[in-house]
Amino acid sequence: FFSFTVTTSSGNFTVDWGDATSNSYASGTVVDKQFLWSSYSNVTTGGFRQAVVRVTGNITAIDFNRRHATLTSNNSSSQIVEITAQGSSITSFSIGSVVTTEITHSALQSFSFIGTCSITNMNGMFNNCRSLQSVSLPNTNAVLDMGFMFSGCTSLQSVSLPDTGAVTNMSQMFNECRSLQSVSLPNTSQVTDMSYM
């Protein structure tokens with residue numbers, strides 16, 4: 001089960017579901033999907049059947065912190081394993097959640113952003129993504145807030161952020177990152193809060 005919303009600067013956004021079907025939606029629409037095992041033949045090395053979902057349009061914001069109506073438990077987790085994003089007009093990207101009524105992404109292992117990143121707030125972005133192992137962010141020079149960014153990412157081993165010169169908040173950024181071995185933050189001159197980092 002999968003649920004999300006997308007905001008666009010103009011026009012609709014399109015979702016290609018990876019099963020030879022696609023749909024067009026108005027900006028801000030809540031999109032729900034139930035994936036059927038029999039519709040997907042690609043099997044990963046982990047034994048999952050794989051659905052590659054592509055969302056396109058004039059995207060400014062993506063919110064994966066939605067729980068499909070069928071999932072009634074507050075502890076529900078999505079089965080998203082990998083996310084790759086691209087788009088210089090994307091200013092908001094929500095994955096990690098601090099609200100217990102939303103969904104968690106405990107299966108997410110990899111996140112990468114390709115090209116120019118215009119996101120300014122990464123507070124809680126990967127919060128409670130317990131299987132997250134790798135993150136690739138080509139530039140983070142617009143980011144002001146990284147508080148709770150990797151909080152609860154218990155499998156994360158290393159983080160390298162290319163530009164943190166504008167960041168002012170790193171509070172609880174690596175809270176409960178029990179596997180973390182190395183961190184590279186090239187510039188923390190503007191940071192005013194590293195509490196419980």
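Me: Contact here means heavy atoms within 4.5 Å. With that settled, which residues does Thr 5 touch, not counting residues up to four places away in sequence?

Reply: Thr 5 touches Gly 28, Thr 29, Val 30, Ala 61, Ile 62, Asp 63 and Arg 66. Please note that this is a predicted model, in which local features need pLDDT of at least 70 and side-chain atom pairs count only at pLDDT 80 or more, while totals for chains, interfaces and linings use all residues. Residues are numbered from 1 along each chain as its sequence is written, and side-chain values use heavy atoms, with hydrogens and water left out.

Me: Where does Thr 5 sit, and is Thr 5 buried or exposed?

Reply: Thr 5 belongs to strand β1, a strand being a DSSP run of E with at least two residues, numbered from the N terminus. Its relative accessible area is 12%, so Thr 5 is buried. Buried means under 20%, exposed over 50%, and partly exposed in between, with a 1.4 Å probe and protein chains only.

Me: How many helices and strands does the chain have?

Reply: The protein chain has 0 helices, where a helix would be a DSSP run of H or I with at least four residues. The number of strands is 12. Read along the sequence, the pattern is β-β-β-β-β-β-β-β-β-β-β-β.

Me: What box do the C-alpha atoms fill?

Reply: Taken along the principal axes, the box of the C-alpha atoms is roughly 50 × 35 × 30 Å.

Me: And how much of the chain counts as buried?

Reply: Of the 197 residues, 39% count as buried.

Me: What share of the contacts joins residues at least 24 apart?

Reply: That share is 59%, taken among contacts between residues at least 6 apart in sequence.

Me: Changing topic: what volume does the largest pocket have?

Reply: The largest pocket has a volume of about 1,300 Å³. Of the 35 residues that line the largest pocket, Ala 51, Val 52, Val 53, Ile 80 and Glu 82 are the closest to its centre. A pocket is an open set of points on a 1 Å grid over the protein atoms alone, where a 1.4 Å probe fits and protein lies on both sides within 12 Å along at least five of seven lines; lining residues have an atom within 4 Å of a point. Points are joined across faces, edges and corners, and the volume is the space filled by probe spheres set on them.

Me: Which strands each supply at least two residues of that lining?

Reply: They are β1 (2-8), β5 (54-56), β6 (59-63) and β7 (82-86). Strand β7 gives the most, with 5 residues.

Me: Now His 68. Where is its place, and what does His 68 contact?

Reply: His 68 is placed in the loop between β6 and β7. Its relative accessibility is 10%, so His 68 counts as buried. Apart from neighbours within four places in sequence, His 68 is in contact with Phe 1, Phe 2, Ser 3, Asp 32, Lys 33 and Gln 34.

Me: What about Ser 134: in which strand is it found?

Reply: Ser 134 is found in strand β10, residues 134-136. With 35% relative accessibility, Ser 134 counts as partly exposed. Its contacts, leaving aside neighbours within four places in sequence, are Gln 109, Ser 110, Phe 111 and Leu 156.

Me: How many Å separate the C-alpha atoms of Ser 134 and Phe 111?

Reply: They are separated by 6.5 Å, although the two residues are 23 residues apart along the chain.

Me: And Asn 141, where is that?

Reply: Asn 141 lies in the loop between β10 and β11 (158-160). Asn 141 counts as partly exposed, at 45% relative accessibility. Not counting residues up to four places away in sequence, Asn 141 touches Asp 163 and Ala 166. From Asn 141 to Gln 190 the distance is 12 Å, C-alpha to C-alpha, across 49 residues in sequence.

Me: One last topic, backbone angles. What is phi of Ala 20, and what is phi of Phe 148?

Reply: Ala 20 has a positive phi of about 70 degrees although it is not a glycine. Ala 20 lies in the loop between β2 (13-16) and β3 (22-25), and at 82% relative accessibility Ala 20 counts as exposed. Phe 148, also a residue other than glycine, has a positive phi near 60 degrees. Phe 148 lies in the loop between β10 and β11, and counts as partly exposed at 27% relative accessibility.
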